[in-house]
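Here are a few notes to go with the model. Have it open while you read, and take the points one at a time.

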Amino acid sequence: MEKNEVQIQIQTQVQRWLSRKTTTGSVRQVTGLPIALASDVGVVRSENQDRLVLLRAQVTNEKSFLVGVLCDGMGGMVNGKECAELAISFFISSCIVHRQMKLKDRLLNAVNSANNAIYEKYHGDGGTTLSAFILDSDKQIEVVNVGDSRIYLKTDMGFEQITTDDTVAGQLKNNFHTPEVSGLLQYIGIGPSLEPHFIELPHIDKISKLLMTSDGSHYIVQETLRRIMIPKLPASELAERLISVAKWCGGHDNASALLLTDLPSLFLKTENIYKGTIDIWDSFGEMQLFGIETASSKKTQIISDVSVDPKADINASVVSNTSARSKDEETSKNSDSLDNKIKPRKMRQKKELTKEPEQPNLRIDFE
């Protein structure tokens with residue numbers, strides 16, 4: 001698959017951001033959205049190989065989309081943490097660059113992009129699970145799954161797991177965790193044989209909660225998990241409860257959760273968000289990207305230099321190009337996608353739910 005130059009630039013910055021030093025665990029409520037991200041190293045492991053992000057892209061005044069993705073780097077193989085970071089960075093950069101595609105095609109393209117990137121680097125010796133959703137302001141939603149991370153839905157019909165683990169245990173519908181039946185049958189990084197699972201969902205108006213989890217949360221029995229998800233509480237409180245219970249159950253593995261509540265309300269509020277703004281959150285912080293696309297070519301162009309100190313794990317400096325920006329502003333009125341009428345804005349106040357030190361934000365301008 002041919003790699004887009006802009007995608008590589010986005011992917012590189014996101015991967016670097018994901019690899020920054022963090023605390024052992026954190027829960028974050030996404031500002032202005034009923035969404036929370038949580039991740040914890042657990043009690044047994046020394047390293048957290050889970051990575052999860054939420055992306056919000058404001059394409060035009062009316063059009064926007066959300067992408068959530070959770071990856072659990074594979075233990076017993078090489079560089080699980082790096083594989084998870086690589087997979088997520090390629091996945092979301094592909095979703096940004098190929099935003100003109102239909103949602104399901106965009107997910108498939110993003111999964112293949114992540115799979116190819118890891119396979120090219122590790123030749124099947126490294127990999128990660130991947131669970132992801134994409135939904136847009138037209139109330140369309142698609143999900144995809146590979147491996148044994150899981151996706152759950154809460155609807156009027158109840159709370160249920162909608163994915164099937166790519167393990168022998170998963171195929172047999174049991175919940176044993178012995179090594180003989182818990183090994184993954186496929187994963188991101190396996191190469192050309194990958195067959196991602198797409199699951200048909202009810203209309204978004206019929207979904208009250210969507211939950212994605214890594215296997216550190218799967219020691220919680222199904223009935224207990226259902227009871228955790230029943231109360232009408234902020235997403236961050238439910239996610240925090242889930243992580244706490246997972247640790248109480250032994251904390252055998254890294255536990256992560258990405259939770260959406262009140263899905264029908266996601267695009268009802270009109271926020272003062274600049275077109276072309278891309279926000280990315282994980283459980284420890286957030287970053288912003290400012291995009292641009294010329295109306296004539298319909299190809300994303302870089303209009304400012306991105307300069308990042310390779311020794312700094314999360315800081316970036318920005319060099320703007322006024323002339324190029326002004327030229328694009330003249331054509332942006334007819335553009336139906338990310339444009340350059342963007343000016344830096346103050347970062348929003350974030351609700352920090354842990355007492356761990358705040359991670360600085362990364363801001364990047366594209367030229």
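1. You'll find Ser-265 in the loop between strand E11 (255–261) and strand E12 (277–281); strands are DSSP runs of at least two residues (E) and helices of at least four (H or I), numbered from the N terminus. A polar atom of the Ser-265 side chain sits 2.8 Å from the backbone oxygen of Asp-262.

2. Some housekeeping: this is a predicted model, where local features need pLDDT of at least 70, side-chain atom pairs count only at pLDDT 80 or more, and totals for chains, interfaces and linings use all residues. Residues are numbered from 1 along each chain as its sequence is written, and side-chain values use heavy atoms, leaving out hydrogens and water.

3. How confident is the predictor? pLDDT gives its confidence in each residue, from 0 to 100. The chain averages 80, and 74% of the residues score at least 70. Confidence is highest in strand E2 (residues 35–40), with a mean of 98, and lowest in strand E15 (residues 317–319), at 26.

4. Where pLDDT is low, the predicted coordinates should not be read in detail.

5. Now look at Asn-79, a non-glycine residue with a positive phi, near 50 degrees. Asn-79 lies in the loop between strand E4 (64–72) and helix H2 (80–97), and counts as partly exposed because its relative accessibility is 38%.

Terms used: pLDDT = per-residue confidence, 0-100. Buried < 20%, exposed > 50% of the residue type's maximum accessible area, 1.4 Å probe, protein only. Polar contact = N/O pair within 3.5 Å; in protein donor to acceptor, adjacent residues only side chain to side chain.
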